[in-house]
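Welcome! Here is a short tour of a protein with a ligand. Take a look at it first, and then we will go through it topic by topic.

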Amino acid sequence: MRLTVIGLGYLGATHAVAMAKLGHQVIGIEQDQSKLESLRQGKIPFHEPGLDSALTEVLATGRLTFQSEHDSQSSSAEIHFICVGTPQKESGEADTSYVVSATKQLAKHLKPESVVAGKSTIPVGTAAKLKHQMSEIAGFPVHLAWNPEFLREGTALEDSLKPDRIVVGSWDQYSVEKLKEAYQPILETGTPFLSLDVETAELVKVAANAFLATKISFINAMAEIAEAAGADAVALAEAIGHDERIGKKFLRSGIGFGGGCLPKDIRGFIARAEELGVGSSLDFLKDVDQINLRRRSRVVELAKQELGTLANKKVLVLGISFKPDSDDLRDSPSLEIARRLSELGAEVVIHDPVALAALKEPGKLKPEQNLEVAAKDADLVILGTEWKEYRDLEPAKLKVKSKVIIDGRNVLDVKKWQLAGWKVIALGRNIQN
Ligand code: UGA
């Protein structure tokens, strides 16, 4: 099929590559010239394992091309996927202005038989407004469907090619059939296809992210209780996770969730529920947000307890991306902790296997790519992002002044570190040193 993918950020670039890998002829449309140049040269402008080589592979087939504007060729595509961002406004609401302008722009060029499939995360009720606006501009009833994306950073291509489910919300069967055709190679493997009404499809995405955020904050609330009661939140998660109704996934306690999705999506969801007059239904998500943010403050408190005054103390923060295998720094818990310690007067050295280059304004933070140099004379080490190289780290590699480490992700082999002479502090664990 002939497809376009509009907006080539995390979601769009991955989707464009995935669709071309499935055998479709894809045109990627992006206004940012530097992104466009990078993609044309086979370089993904962010860190995502496996995506560079997949891009190179599909570029060589000629099935994926990039351009900055619609033209007659792109306009005649059978499906246009909308993948532009919906960042958070200061008020907490989702900013849908990019989706509005991308769909308005597209409507001017649209053919009546083309389907527009939105993949961006939008507040429930937005698609109906977009359909109305687009149809007015196009002069015919536009086939609009909502097709949320559930990919995770770090495993984005795999998640796109082997999703748990494909969800399509639509007003007409024609759009559903077109999308089924586009995803046929994935559906053949037995992937569930859910054809829903549009409002439910819009809700699926935010509801899923709200549930995941709640699960993480639940275990982090248990970590707060464990800290007060002398219990162990990691052992607790393991024990309750054996119950299949609960499950072990997304029960890792630590400094909590960050990134460009979970924090903004729960805040946007709260704002939308208030607009709908059912704000109290999502009051619990405010707690989910607060529990999450309190974990960051807890690490700052632990650092103060350990170091006394932070002035003239050197702290090494291991990992600044919001999760491993990503260089995404949006709302990164680890980076926020580093910044707060620095504001409190500590000299904060940051290390990350990949993400230092993505930090355009380090301010007073001191980025250091060489781990041994970074650790030199540190009074405290904080593990903020559980990159494999930190999980497997030999303690002897860190020649610090004071052997104290806060494990912000509960991933270290505590015995190994203690045997090497380290004091290990972990969230929700009450470790005896
Ligand atoms: C999340 C969802 O998992 C995806 O399904 C969704 O498609 C995506 O948002 C999106 O809306 O586009 P992502 O932000 O890539 O994906 O990352 P996650 O793997 O969900 O991790 C989010 C945060 O939670 C990370 O900071 C991670 O460190 C933290 N986390 C995760 C925990 O603190 N504990 C856990 O047990 C799991």
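Which residues come nearest to the ligand? Of the 21 residues around it, they are Leu 151, Glu 153, Asn 209, Arg 252 and Lys 323, where "around" asks for a heavy atom within 4 Å. Keep in mind that this is a predicted model, in which local features need pLDDT of at least 70 and side-chain atom pairs count only at pLDDT 80 or more, while totals for chains, interfaces and linings use all residues. Residues are numbered from 1 along each chain as its sequence is written, and side-chain values use heavy atoms, leaving out hydrogens and water.

**Around the ligand**

- A polar backbone atom of Leu 151 sits 2.7 Å from an oxygen atom of the ligand, which makes a polar contact (a pair of N or O atoms within 3.5 Å).
- Lys 205 brings a polar side-chain atom to 3.1 Å from a ligand oxygen atom, and Leu 251 has a backbone N or O atom 3.3 Å from a ligand oxygen atom.
- On its own the ligand has 720 Å² of accessible area, and the protein covers 93% of it (Shrake-Rupley method, 1.4 Å probe).
- Helix H10 (198–229) and helix H12 (262–275) are the elements that give two or more residues to the shell; helices here are DSSP runs of H or I with at least four residues, and strands are E runs of at least two, numbered from the N terminus.
- H10 provides the largest share of the shell, four residues.
- Sorted by class, the shell has ten nonpolar, three polar and eight charged residues.

- Helix H13 (residues 283–307) has 25 residues, which at 1.5 Å a residue should span 36 Å, and its end C-alpha atoms are 37 Å apart, which agrees; the expected span is 1.5 Å times one less than the number of residues.
- Buried residues of H13 include Leu 285, Asp 289, Arg 295 and Leu 307, with buried meaning under 20% relative accessible area (1.4 Å probe, protein chains only).
- After H13 comes Gly 308, with a positive phi near 70 degrees.
- Ala 271 lies in helix H12, and it counts as buried because its relative accessibility is 12%.

**The sheet**

- Six strands form an open sheet in the order E11-E10-E9-E12-E13-E14, with parallel pairing; strands pair if DSSP finds at least two bridges between them.
- At the edges are strand E11 (366–367) and strand E14 (423–426), each pairing on one side only.
- Strand E9 (residues 314–318) pairs with strand E10 (residues 347–351) in the parallel sense over five bridges.
- Leu 316 stands opposite Val 349 in E10.

Technical notes:
A polar contact is a pair of N or O atoms within 3.5 Å; within protein, one must be able to donate a hydrogen and the other to accept it, and residues adjacent in sequence count only if both atoms are side-chain atoms. Ala, Val, Leu, Ile, Met, Phe, Trp, Tyr, Cys and Pro count as nonpolar, Asp, Glu, Lys and Arg as charged, and the others, Gly among them, as polar. Buried means under 20% relative accessible area, exposed over 50%, partly exposed in between (1.4 Å probe, protein chains only).
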